[in-house]
Amino acid sequence: MIKYEKRPKKCPYCGGEVKYTSNAEIYGKEYGNGRCYLCKNCDAYTGVHNNTDVALGILANKEMRKLKNECHNLFDKLWTNRTERNEYYYKLSKIMNITREHCHFGHFDTEELKQALKILKSGELK
């Protein structure tokens with residue numbers, strides 16, 4: 001399991017240096033708050049919370065970004081307000097046997113994303 005770091009310095013995949021930079025380095029222009037953490041060696045990255053330098057989640061490589069998108073596409077159809085969203089994350093944490101604090105797609109490694117996707121596709125979370 002890859003550990004979440006608020007301000008990552010070293011890439012967990014290739015060991016490369018991670019820098020806090022403009023997300024224009026990824027997208028060609030700035031989006032959202034315009035900041036991210038990026039490994040220039042292997043292109044793993046994550047965004048940051050608004051008005052901070054705190055990472056939204058663990059650095060994500062291409063496979064993880066695809067899995068996160070798939071998970072969010074299914075998960076976000078389940079809830080209509082913040083309370084429901086939290087309830088679904090709580091339920092997912094119980095099914096996955098993890099703490100609620102860890103239960104967020106941004107904090108999941110590849111295996112956890114695959115497990116969550118399987119649960120979401122099964123309809124077990126409904």
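Me: What makes helix α3 roughly perpendicular to helix α4?
Reply: This is a predicted model. In it, the axes of α3 (residues 82–96) and α4 (residues 110–122) cross at roughly 110 degrees. Angles of 65 to 115 degrees count as roughly perpendicular, so α3 is roughly perpendicular to α4. The two axes come within 11 Å. The crossing is right-handed.

Me: Which residues make the contact?
Reply: From α3, L92, I95 and M96. From α4, E112, Q115, A116 and I119. By class, that is five nonpolar, one polar and one charged residues.

Me: How many aromatic pairs does the model have?
Reply: Eight, with ring centres within 6.5 Å as the rule.

Me: Why is the pair of Y27 and Y31 called edge-to-face?
Reply: The ring centres of Y27 and Y31 lie 5.5 Å apart, and the planes stand at 90 degrees. Planes over 60 degrees apart count as edge-to-face, so the label applies to Y27 and Y31.

Me: What makes F105 and F108 a pair, and of which kind?
Reply: Their centres are 5.7 Å apart, against a limit of 6.5 Å. Their planes are at 90 degrees, so this pair is edge-to-face. Both F105 and F108 are buried. Ring pairs also link F105 and F108 with F75, Y88 and Y89 into a cluster.

Key
Residues numbered from 1 in each chain as written. Predicted model: local features only at pLDDT ≥ 70, side-chain atom pairs only at ≥ 80, totals over all residues. Heavy atoms only, no water. Axes fitted to C-alpha atoms, helices over the stretch in contact; angles between N-to-C directions. Helix = DSSP H or I, 4+ residues; strand = E, 2+ residues; numbered from the N terminus. Parallel < 35°, antiparallel > 145°, perpendicular 65-115°, else oblique. Left-handed = near helix turned anticlockwise from the far one by under 90°. Contact = heavy atoms within 4.5 Å. Nonpolar A, V, L, I, M, F, W, Y, C, P; charged D, E, K, R; others polar. Phe/Tyr/Trp six-rings, centres within 6.5 Å; stacked < 30°, edge-to-face > 60°. Buried < 20%, exposed > 50% of the residue type's maximum accessible area, 1.4 Å probe, protein only.
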